[in-house]
Amino acid sequence: MTKIAFITGATSGIGLATARDLAKNNYNLIVCGRRSERLNALKDELKGQAEVYPLTFDVRDREAVEEAIAGLPAKWQEIDVLVNNAGNAHGLDPIQEGSIDDWEAMIDINVKGLLYVSRAIIPGMVERRKGHIVNIGSLAGKEVYPRGNVYSATKHAVDALNKGMRIDLNGHGIKVTAINPGLVETEFSEVRFKGDKDRAGQVYQGYKALEAEDIAEIITFTVTRPPHVVMSDVLILPLAQASSTLVNKE
Ligand code: NDP
Ligand code: 8X3
């Protein structure tokens with residue numbers, strides 16, 4: 001039977017690759033992001049493979065999140081899988097020089113945005129006694145690295161929320177999974193460095209970083225396990241990476 005997956009941040013990187021991979025695996029998709037033209041292009045791309053419902057909102061805007069989810073047509077309301085993926089790093093500065101605007105963006109998107117979306121979707125899962133929440137954390141949610149301070153704090157928060165969800169939803173028939181990647185080559189570093197493509201490219205030079213598709217395949221694997229199996233916390237690294245600060249570059 002076809003299921004419904006709701007993916008935040010499906011315009012790029014891990015979210016986009018996950019949408020494409022789940023479409024191949026019998027999922028219809030609610031795809032979210034701010035760049036509606038990319039969401040519409042994805043809908044066209046997946047025509048004939050999966051039904052796609054684009055939903056444009058900024059996860060920082062609590063009212064917009066609530067309205068978008070409350071306004072879903074009846075046939076899209078029974079969400080089986082929520083992929084809480086929207087998020088980014090903004091800046092890479094020592095704490096004493098950090099931009100408070102960057103800090104607010106990361107806290108508002110990576111933590112509060114994830115909570116707004118989750119709060120709107122989880123009650124339906126509880127009512128149906130069915131659902132799977134996949135939270136995209138990070139190796140940065142397990143370790144802290146120089147200048148990673150606030151980004152790392154937001155991903156530690158995602159780690160805690162993942163655990164909290166599993167505890168509170170125990171007994172409600174809902175699975176909760178944390179997917180924690182190390183270095184993945186996406187638009188992530190371009191966003192972190194505010195459009196500086198050269199600086200972003202350097203992050204992935206001299207070794208083979210993970211690709212968004214590597215993470216997408218693992219997400220598909222976790223959501224297609226038998227009903228009694230939960231992959232609770234998955235850490236995925238490129239071969240060259242041993243920790244946040246140890247990457248074997250040529
Ligand atoms: P990308 O920059 O390629 O994708 C980020 C996605 O998040 C985009 O689709 C973007 O959509 C969406 N997004 C960002 N801000 C908002 C917002 N305010 N409202 C709605 N959507 C938003 O990066 P990745 O694919 O790499 O990142 C996806 C997740 O993976 C993030 O949570 C990131 O922290 C995590 N991660 C990434 C790693 C990496 O090395 N790349 C490693 C570990 C974790 P749009 O701009 O259209 O709104
Ligand atoms: C993204 C990976 O190492 O840039 O979460 O923090 S890293």
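**Note on the pockets and ligands**

1. S6 gives the most to the lining of the second largest pocket, with three residues. Strand S6 (174-181) and strand S5 (131-136) are the elements that give this lining two or more residues. Helices (H or I, at least four residues) and strands (E, at least two) are DSSP runs, numbered from the N terminus.

2. On provenance: this is a predicted model, in which local features need pLDDT of at least 70, side-chain atom pairs count only at pLDDT 80 or more, and totals for chains, interfaces and linings use all residues. Residues are numbered from 1 along each chain as its sequence is written, chains are lettered from A and ligands numbered from 1 in the order in which they are written, and side-chain values use heavy atoms, with hydrogens and water left out.

3. The second largest pocket holds about 450 Å³ of space. Its lining counts 24 residues, and Gly-131, His-132, Gly-173, Lys-175 and Pro-227 are the closest to its centre. By class, the lining has nine nonpolar, nine polar and six charged residues. Here Ala, Val, Leu, Ile, Met, Phe, Trp, Tyr, Cys and Pro count as nonpolar, Asp, Glu, Lys and Arg as charged, and the others, Gly among them, as polar. A pocket is an open set of points on a 1 Å grid over the protein atoms alone, where a 1.4 Å probe fits, with protein on both sides within 12 Å along at least five of seven lines; lining residues have an atom within 4 Å of a point. For volumes, points are joined across faces, edges and corners, and the space filled by probe spheres set on them is taken.

4. The largest pocket has about 1,200 Å³ of space. It is lined by 49 residues, with Asn-88, Tyr-151, Thr-186, Phe-188 and Ser-189 nearest its centre. H6 gives the most to this lining, with four residues. H1, strand S2 (27-33) and H5 also supply at least two residues each. The lining divides into 22 nonpolar, 19 polar and eight charged residues.

5. Ligand 1 takes up space in the largest pocket. A molecule sits in a pocket if more than half of its atoms lie within 2 Å of the grid points. The shell around ligand 1 has 31 residues, of which Thr-11, Ser-12, Arg-34, Tyr-151 and Thr-186 come nearest. A residue is near a molecule if one of its heavy atoms lies within 4 Å of it. The shell splits into 13 nonpolar, twelve polar and six charged residues.

6. Ligand 1 has polar contacts, here pairs of N or O atoms within 3.5 Å. A polar side-chain atom of Arg-34 is 2.6 Å from a ligand 1 oxygen. Backbone atoms take part too: Ile-14 at 2.8 Å and Gly-9 at 3.0 Å. The protein covers 97% of the 870 Å² of accessible area that ligand 1 has on its own, by the Shrake-Rupley method with a 1.4 Å probe.

7. Around it are Ser-138, Ala-140, Tyr-145, Tyr-151, Phe-188 and Arg-192. By class, that is four nonpolar, one polar and one charged.

8. Side chains make the listed contacts of ligand 2. An N or O atom of the Ser-138 side chain lies 2.5 Å from a ligand oxygen. For Tyr-145 the distance is 2.6 Å, and for Tyr-151 it is 2.6 Å. The protein covers 88% of the 240 Å² of accessible area that ligand 2 has on its own.

Methods. A polar contact is a pair of N or O atoms within 3.5 Å; within protein, one must be able to donate a hydrogen and the other to accept it, and residues adjacent in sequence count only if both atoms are side-chain atoms.
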